[in-house]
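Let's walk through this model together, one region at a time. Have the sequence and the 3D view open as you read.

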Amino acid sequence: MTETETETLAQVRSEFIEKVGLIAQNEGLPRIAGRVFALLVFDGEVLSFGDITRHLEVSRGSISSATRLLEDRGLIKRVGKPGQRQDFFRLADNPYENMLDAVASNLDRAGAEIGDTLAHVPDSRPEIRRRVQEYARFYEEMGRAVRQSIENLK
């Protein structure tokens with residue numbers, strides 16, 4: 001790779017990491033969690049805790065919180081290396097399926113909450129029942145679409 005190509009790739013990498021950080025933030029996650037995830041996606045390597053802090057130029061505390069969150073969501077995996085005391089991280093085996101699985105679970109929960117409300121709307125108020133049923137159906141259809149997407153990714 002030429003020096004120009006290397007510089008261009010470094011710029012693309014940097015922009016990707018920042019974009020994914022913003023995407024994560026828009027989805028209610030810490031921006032740093034998105035940046036850590038993006039780093040592991042783009043580089044495709046096992047990175048040490050120290051490598052991540054150096055690459056992203058953020059505190060160890062921020063990386064610790066972000067990696068725990070990503071690990072809990074099944075997006076990254078903590079791995080060890082013989083003779084090494086620090087933690088290493090890599091992309092989980094099925095991170096995108098895991099993301100969609102979490103979305104499906106949230107949709108199911110929301111649909112169940114709406115269904116619970118529907119059970120308490122009296123039959124004497126059909127206009128309210130219809131609107132709430134449509135809303136519940138929305139969550140059912142979204143859940144079905146997400147589960148189909150999970151199958152499509154396999």
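Predicted model: local features only at pLDDT ≥ 70, side-chain atom pairs only at ≥ 80, totals over all residues.

Gly 44 is exposed, with a relative accessibility of 63%; here buried means under 20% relative accessible area, exposed over 50%, and partly exposed in between, using a 1.4 Å probe and protein chains only. You will find Gly 44 in the loop between α2 and β1 (47–48). Helices (H or I, at least four residues) and strands (E, at least two) are DSSP runs, numbered from the N terminus.

Residues are numbered from 1 along each chain as its sequence is written, and side-chain values use heavy atoms, with hydrogens and water left out.

Side chains of opposite charge can pair when their charged atoms come close. A salt bridge here is a side-chain nitrogen of Lys or Arg within 4 Å of a carboxyl oxygen of Asp or Glu, and the structure holds 12 of them. One of these joins Arg 90 to Asp 93, with the closest N and O atoms 3.2 Å apart. Arg 90 is partly exposed, at 22% relative accessible area, whereas Asp 93 is exposed, at 61%.

Another pair to look at is Asp 51 with Arg 54, whose side chains meet in a salt bridge at 2.6 Å, N to O. Why are these two separated by about one helical turn? They sit three residues apart in helix α3 (residues 49–56). Asp 51 is partly exposed, with a relative accessible area of 22%, and Arg 54 is exposed, with 57%.

Glu 57 counts as exposed, at 72% relative accessibility.

Next comes a pair of helices. Two packed helices are described by the angle between their axes and the distance between the axes. Helix α5 (residues 95–120) packs against helix α6 (residues 126–153) at an angle of about 165°, with their axes 9 Å apart. The axes are lines fitted to C-alpha atoms, for helices over the stretch in contact, and angles run from 0 to 180 degrees between N-to-C directions. The two helices are therefore roughly antiparallel, a label for angles over 145 degrees.

Further salt bridges complete the charged picture. Lys 154 and Glu 151 meet through their side chains at 3.3 Å, N to O; Lys 154 is exposed, with 62% relative accessible area, and Glu 151 is partly exposed, with 46%. Elsewhere, salt bridges that share partners join Glu 71, Arg 78 and Asp 87 into one network.

Together with Met 1, Leu 9 and Val 12, Phe 42 forms a nonpolar patch on the surface, with about 380 Å² of accessible area together. Patches are made of residues with over 30% relative accessible area and no salt bridge: like charges are joined within 9 Å, nonpolar side chains (Val, Leu, Ile, Met, Phe, Trp, Tyr) within 5 Å. The areas come from the Shrake-Rupley method with a 1.4 Å probe, and for residues, only the protein chains shown count as cover.

Key
Parallel < 35°, antiparallel > 145°, perpendicular 65-115°, else oblique.
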